[in-house]
Amino acid sequence: MQINHDTRCALDDVVDLLNTAPDGDTPDGLLSVDELRAYVDRNAVSDVGALGEDDLKAVRSVRDRFAGVFAAPDARTASKLINALVAEAGTTPQLTDHDGYDWHVHYFAPGASVADHLAADGGMALAFILVAGERERLRRCEAPDCGRAFIDLSRNRSRRYCDSRTCGNRLHVAAYRARQRESADAG
């Protein structure tokens, strides 16, 4: 699947935002304005000024709505969620070139809040995935103790685990050790 640089960045932002949510032993990574600022800086979200508690609350709401898209049982449900998210963000496509990047499209309105910015750009990126018939690429890690979000961009859509926790390696090593124990017990 080929996606352009802007869509890839927006998808990465969505995944990183989703992965700030609490999950099992992982605490919420978006509890303070400082953590929101760290997210914005880490993802180089453009045109974001001062942040406050209202921004934090709104971005956490966008995070929950993105989670709904990932959990949607079918494309029709996902499309309704994306349409509502993008419409409420006041999407205003505009061509821009900044920060050393050639011409590209921003979907958020000038002066938009960080939440509307993320909802518009992230929502449109998710819409492109849906339109391409690739919704199954929106995944959660299959490791029993993980569940982090990721976009499977592998050629054959075979990725099952997130990158950040080396879940696949951990599970493969555990399966190998279990086989070794079984072999030793049988021998």
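Figure 1. Glu88 is exposed, with a relative accessibility of 54%; the classes used here are buried for under 20% relative accessible area, exposed for over 50% and partly exposed in between, with a 1.4 Å probe and protein chains only. The model is predicted, so that local features need pLDDT of at least 70 and side-chain atom pairs count only at pLDDT 80 or more, whereas totals for chains, interfaces and linings use all residues. Residues are numbered from 1 along each chain as its sequence is written, and side-chain values use heavy atoms, with hydrogens and water left out. The side chain of Glu88 meets that of Arg65 in a salt bridge, at 2.7 Å from N to O; the term denotes a side-chain nitrogen of Lys or Arg within 4 Å of a carboxyl oxygen of Asp or Glu. The two partners belong to distant parts of the chain, Glu88 to helix α4 (residues 75-88) and Arg65 to helix α3, and are 23 residues apart. Helices (H or I, at least four residues) and strands (E, at least two) are DSSP runs, numbered from the N terminus. Arg65 is partly exposed, with a relative accessible area of 28%.

**Figure 2. Salt bridge between Asp28 and Arg60.** The closest N and O atoms of Asp28 and Arg60 are 2.8 Å apart in this salt bridge. Asp28 lies in the loop between α1 (5-18) and α2 (33-42) and Arg60 in helix α3, so that the pair links distant parts of the chain, 32 residues apart. Asp28 is buried at 12% relative accessible area, whereas Arg60 is partly exposed at 27%. Side chains of opposite charge can pair when their charged atoms come close. The structure holds eleven salt bridges.

Figure 3. Asp152 and Arg139 form a salt bridge in which the closest N and O atoms are 2.8 Å apart. Asp152 is in the loop between β4 (149-151) and α6 (167-186), and Arg139 is in strand β3 (residues 138-140), so the pair ties together parts that are 13 residues apart in sequence. Asp152 is buried, at 0% relative accessibility, and Arg139 is buried too, with a relative accessible area of 16%. Salt bridges with shared partners join Glu134, Glu136, Arg137 and Arg157 into one network.

**Figure 4. Packing of helix α3 against helix α5.** Two packed helices are described by the angle between their axes and the distance between the axes. The axes of α3 (residues 53-71) and α5 (residues 114-131) come within 8 Å and cross at roughly 15 degrees. Axes are lines fitted to C-alpha atoms, for helices over the stretch in contact, and angles run from 0 to 180 degrees between N-to-C directions. The helices α3 and α5 are therefore roughly parallel to each other; angles under 35 degrees count as roughly parallel, over 145 as roughly antiparallel, 65 to 115 as roughly perpendicular and the rest as oblique. From α3, Asp55, Ala58, Val59, Val62, Phe66, Val69 and Phe70 meet Val114, Ala115, Leu118, Ala119, Gly122, Gly123 and Leu126 of α5, where contact means heavy atoms within 4.5 Å. The residues of this contact comprise eleven nonpolar, two polar and one charged. Ala, Val, Leu, Ile, Met, Phe, Trp, Tyr, Cys and Pro count as nonpolar, Asp, Glu, Lys and Arg as charged, and the others, Gly among them, as polar.

**Figure 5. Packing of helix α4 against helix α5.** The axes of α4 and α5 come within 8 Å and cross at roughly 150 degrees. That angle makes α4 roughly antiparallel to α5, and the crossing is left-handed. Ala75, Ala78, Ser79, Ile82, Leu85, Val86 and Glu88 of α4 make the contact with Asp116, Ala119, Ala120, Gly123, Met124, Leu126, Ala127 and Leu130 of α5. By class, eleven of the contact residues are nonpolar, two polar and two charged. Ala84, also shown, is found in helix α4 and is partly exposed at 28% relative accessibility.

Figure 6. Asp47, although not a glycine, has a positive phi of about 60 degrees. Asp47 is found in the loop between α2 and α3 and is exposed, with a relative accessible area of 61%. For Arg157, likewise a residue other than glycine, phi is positive and near 55 degrees. Arg157 is placed in the loop between β4 and α6 and is partly exposed, at 33% relative accessible area.

Technical notes: Left-handed = near helix turned anticlockwise from the far one by under 90°.
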